Amino acid sequence: MSAFKLPARDELGFCNIFLSALGGDGANMGGKLLFKIGCTHFGLDGGYDARYGSEKKGTATDVSVRFCEVGTPVRQAGPTATPHFLVAFHDDLIAPLELGRGLQLNAVCIVNSIKSPEEVRHLLGLHSGTIVCVDATKIAYQSKSRMNMPLIAVLCHELGFPDTDVTAVIKKQWPKAAESNMAAFNAALGGSTRETFSSNGYPRQSPQVSRGPIGWRNMLNGGTIDALTHCTLNRDNRIAGRGRVPKFDKGVCTSCGICLTVCSDPGGLLWRDGRMDGIDDAFCKGCMRCVEVCPDTKKGKALTFDYA
Ligand code: SF4
Ligand code: SF4
């Protein structure tokens, strides 16, 4: 048996934690650190799952950590649809990704936001539970750390992991960044706003329905995988770009192709008959890498963005 008692468990014995972020935010690294702390320092067992594809900066990603006490059979894998703990790396992911769905009663939601817990509760449509708001973006900037550090600090604290044990692991993991990370850790615990809500009109929202696993029951004849179901043809990346799309001037473009070499999702650049033809604003993630590399010629730059 584990010495550490989990604050919540589902019918299979798991405490489910779900981190929702964008590629590049460090959610995967933060989730791995959390899992390591839980398993190696608090004697827990469990499972880890990261859905990303987003070494491609900017795409919506998520990480699931399931903790259970040692001796509990680990019979569930993949992302959790029923979190006891939710960590949202951006409050504007809540509505488009429907992050309120599937939350357990009395869930704990840690949100990178300058909004009040009351406002975030309405965004989530939270039935009951605790909202902790922390301005992780500002803390990361001021402490020269990363956004995952303040959010993981608050998460570990809410899980009941002693702060001293968690900070010892972080210092050992990244000795060169210890000062910045400790500044972020302490700023998050000292600067977060926490409020607990009882049930008050919002019904508990049903979990999101996943496509389910591919296996012998739903495989096409000959073992073919239904490409249309699983490809990214209909993907809409506007969540990540938040409406930011480069401006393209066809008259200036030399079709040199340099933008293609850096685009984090090349489907964002539309090419026809060997020439650059525009931006697909549903596919573009607004990372602006193409704008950075597009050559500045006598005629100007073909790809620009007004950062102001
Ligand atoms: S880098 Fe600029 S000039 Fe070159 S193809 Fe892309 S948009 Fe055109
Ligand atoms: S088109 Fe440009 S801004 Fe859009 S995803 Fe590609 S590189 Fe990023």
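**Fold, cores and ligand shells**

Mentor: In the protein, residues 24 or more positions apart account for 67% of the contacts with a separation of 6 or more. Keep in mind throughout that this is a predicted model.

Trainee: How many helices and strands are there in the protein?
Mentor: The protein has 11 helices and 11 strands, and buried residues make up 38% of its 308 residues.

Trainee: And which residues have the most contacts inside the largest nonpolar core?
Mentor: That core has 58 residues, and those with the most contacts inside it are Leu86, Val87, Cys109, Ile110, Leu151, Leu155 and Ala188. Helix α5, residues 148–159, gives the most to this core, with eight residues.

Trainee: What does Leu151 touch, leaving aside residues up to four places away in sequence?
Mentor: With those left out, Leu151 touches Gly30, Val87, Phe89, Ile110, Asn112, Val134 and Ala136.

Trainee: Changing topic, is strand β6 mostly covered or mostly open?
Mentor: Mostly covered, since five of the six residues in β6, which spans residues 129–134, are buried. Strand β5, residues 107–112, runs parallel to β6 and is joined to it by six bridges, with Gly129 of β6 as the bridge partner of Ala107. Between the two strands the chain passes through helix α3, residues 117–124, and this β-α-β crossover is right-handed.

Trainee: In what sense do β6 and β7 pair?
Mentor: They pair in the antiparallel sense over five bridges, β7 being residues 193–197, and the bridge partner of Ile131 in β7 is Glu195.

Trainee: Now the ligands: which residues surround ligand 1?
Mentor: The shell around ligand 1 consists of Cys253, Thr254, Ser255, Cys256, Gly257, Ile258, Cys259, Met276, Cys294, Pro295, Ala302 and Leu303. By class, that shell has nine nonpolar residues, three polar ones and no charged ones.

Trainee: And which are the closest to ligand 2?
Mentor: Of the 15 residues that surround ligand 2, the closest are Cys263, Gly268, Cys284, Cys287 and Cys290. The shell around ligand 2 divides into nine nonpolar, three polar and three charged residues.

Trainee: Back to Ile258, where is it found?
Mentor: Ile258 is found in helix α10, residues 258–262, and, not counting residues up to four places away in sequence, Ile258 touches Val293, Cys294 and Pro295. Ile258 and Pro295 are 37 residues apart in sequence, yet their C-alpha atoms are 8.3 Å apart in space.

Trainee: Why is Ile258 classed as partly exposed?
Mentor: Because 13 other C-beta atoms lie within 10 Å of its own, whereas a residue counts as buried only with 20 or more.

Key: Residues are numbered from 1 along each chain as its sequence is written. Chains are lettered from A and ligands numbered from 1 in the order in which they are written. This is a predicted model: local features need pLDDT of at least 70, side-chain atom pairs count only at pLDDT 80 or more; totals for chains, interfaces and linings use all residues. A residue is near a molecule or strand if its C-beta atom, placed from the backbone, lies within 6 Å of it. Ala, Val, Leu, Ile, Met, Phe, Trp, Tyr, Cys and Pro count as nonpolar, Asp, Glu, Lys and Arg as charged, and the others, Gly among them, as polar. A residue is buried if 20 or more other C-beta atoms lie within 10 Å of its own, exposed if 12 or fewer, and partly exposed in between; C-beta atoms are placed from the backbone. Helices (H or I, at least four residues) and strands (E, at least two) are DSSP runs, numbered from the N terminus. Two strands pair if DSSP finds at least two bridges between them. A crossover is right-handed if, with the strands pointing away from the viewer, the path from the first strand over the helix to the second runs clockwise. Two residues are in contact if their C-beta atoms, placed from the backbone, lie within 7 Å. A nonpolar core is a set of buried Ala, Val, Leu, Ile, Met, Phe, Trp, Tyr and Cys residues joined through C-beta atoms within 7 Å.
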